[in-house]
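Work through the following exercises with the sequence and the 3D structure open beside you. Try each task before reading its solution.

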Amino acid sequence: MENLLNSLKRENKERERRLNISDKKLLSDMTGYMKTQKICDYDVEQVRKTIIRNTLRSYNKKKNLEILSGGDYREYCNKLCENMRRASVNELVLSRGVTIIYALALMYLVRLIDTIIDGGNFFKNPVEINLGYLSATAAILLGTVFIYIYVSGILKTKTNRMTNPQMAGLIVLIAVIVAAAYGGVFLLTDIHLFDIQWWIPVVIIAALWVLFKILYIQYENQMAKEA
């Protein structure tokens with residue numbers, strides 16, 4: 001299936017290699033900042049292409065990306081974002097959905113590994129799903145969302161670095177998530193919910209991934225053709 005967004009990303013990645021180290025870092029900061037503004041993914045890559053091209057040209061004039069951005073990349077990005085399309089609800093659901101599916105796959109892999117560590121064989125016997133496992137999975141998934149929101153809020157500020165209070169807040173947030181996950185495991189593991197053949201969740205997760213990925217690619221191809 002044609003994937004116009006990935007093609008543009010590969011093109012940008014190849015050109016980005018020609019930037020100097022400091023400009024690569026600044027471009028990464030700019031990209032992260034624009035994504036916090038919930039801009040269409042394809043438009044972000046289009047702007048990245050323009051920034052990379054202009055930066056490479058500036059090298060002939062002894063300039064760099066910091067000079068081109070006027071020293072304040074957030075203000076520079078804000079001006080760029082004014083002419084960019086906002087990400088629709090459909091795009092946000094599809095893109096975030098793929099990330100959540102990756103997280104679910106990772107958590108299920110952890111469950112299978114736990115089964116092996118406990119001396120079980122999930123190829124011969126069904127995998128036990130208990131309330132502790134589900135609560136830990138929910139805690140980690142929700143925690144990931146909270147961390148994303150927290151870090152996105154920091155990226156929108158004027159500071160280029162995370163302050164000590166912000167870093168402390170992030171550490172506390174991570175500690176709460178870990179504590180909630182482990183608390184669920186230790187306190188609720190004995191509450192048995194059901195047994196399931198190991199391959200059933202694998203098939204479900206894989207099917208969801210394929211569905212979300214196809215829909216996301218189709219959506220981004222449409223956005224690319226409309227650009």
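**Exercise 1.** Decide whether Asp29 is buried, partly exposed or exposed, and describe its salt bridge.

Solution. The model is predicted, so every value here is computed from predicted coordinates.
Step 1. The relative accessible area of Asp29 is 26%. Buried means under 20% and exposed means over 50%, so Asp29 is partly exposed.
Step 2. The salt-bridge partner of Asp29 is Lys25, with 3.3 Å between the closest N and O atoms.
Step 3. Lys25 has a relative accessible area of 54%, so this residue counts as exposed.
Step 4. Both residues belong to helix H2 and are four residues apart, so about one helical turn separates them.

**Exercise 2.** Asp43 and Arg85 form a salt bridge. Find where each partner lies and how accessible each one is.

Solution. 
Step 1. The closest N and O atoms of Asp43 and Arg85 are 2.7 Å apart.
Step 2. Asp43 is in helix H3, whereas Arg85 is in the loop between helix H5 (73-81) and helix H6 (89-117).
Step 3. Asp43 has a relative accessible area of 9%, which makes it buried. Arg85 stands at 24% and is partly exposed.

**Exercise 3.** Explain what the salt bridge between Arg48 and Glu16 ties together.

Solution. 
Step 1. The side chains of Arg48 and Glu16 meet with an N to O distance of 3.2 Å.
Step 2. Arg48 lies in helix H3 and Glu16 in helix H1 (residues 4-16), so the bridge ties together parts that are 32 residues apart in sequence.
Step 3. Both Arg48 and Glu16 are buried.
Step 4. The whole structure has seven salt bridges. Glu11, Arg15 and Lys49 are linked in a network of such bridges.

**Exercise 4.** Describe the phi angles of Lys38 and Lys62.

Solution. 
Step 1. Phi of Lys38 is positive, about 55 degrees, although the residue is not a glycine.
Step 2. Lys62, also a residue other than glycine, has a positive phi near 60 degrees.
Step 3. Lys62 lies in the loop between H3 and helix H4 (65-68). Its relative accessible area is 76%, so Lys62 is exposed.

**Exercise 5.** How far apart are Trp209 and Tyr102 in sequence and in space?

Solution. 
Step 1. In sequence, Trp209 and Tyr102 are 107 residues apart.
Step 2. In space, their C-alpha atoms are 8.1 Å apart.
Step 3. Trp209 belongs to helix H9 (residues 199-226) and, at 31% relative accessibility, is partly exposed.

**Exercise 6.** Describe the overall build of the protein chain.

Solution. 
Step 1. The chain has nine helices and two strands. From the N terminus, their order is α-α-α-α-α-α-β-α-α-β-α.
Step 2. The radius of gyration is 22 Å, whereas a compact globule of 227 residues would have a value near 17 Å.
Step 3. The C-alpha trace spans about 65 × 45 × 30 Å along its principal axes.
Step 4. Of the 227 residues, 33% are buried.

How values were computed:
Residues are numbered from 1 along each chain as its sequence is written. This is a predicted model: local features need pLDDT of at least 70, side-chain atom pairs count only at pLDDT 80 or more; totals for chains, interfaces and linings use all residues. Side-chain values use heavy atoms; hydrogens and water are left out. Buried means under 20% relative accessible area, exposed over 50%, partly exposed in between (1.4 Å probe, protein chains only). The radius of gyration is taken over C-alpha atoms; the globule rule is 2.2 Å times the number of residues to the power 0.38. A salt bridge is a side-chain nitrogen of Lys or Arg within 4 Å of a carboxyl oxygen of Asp or Glu.
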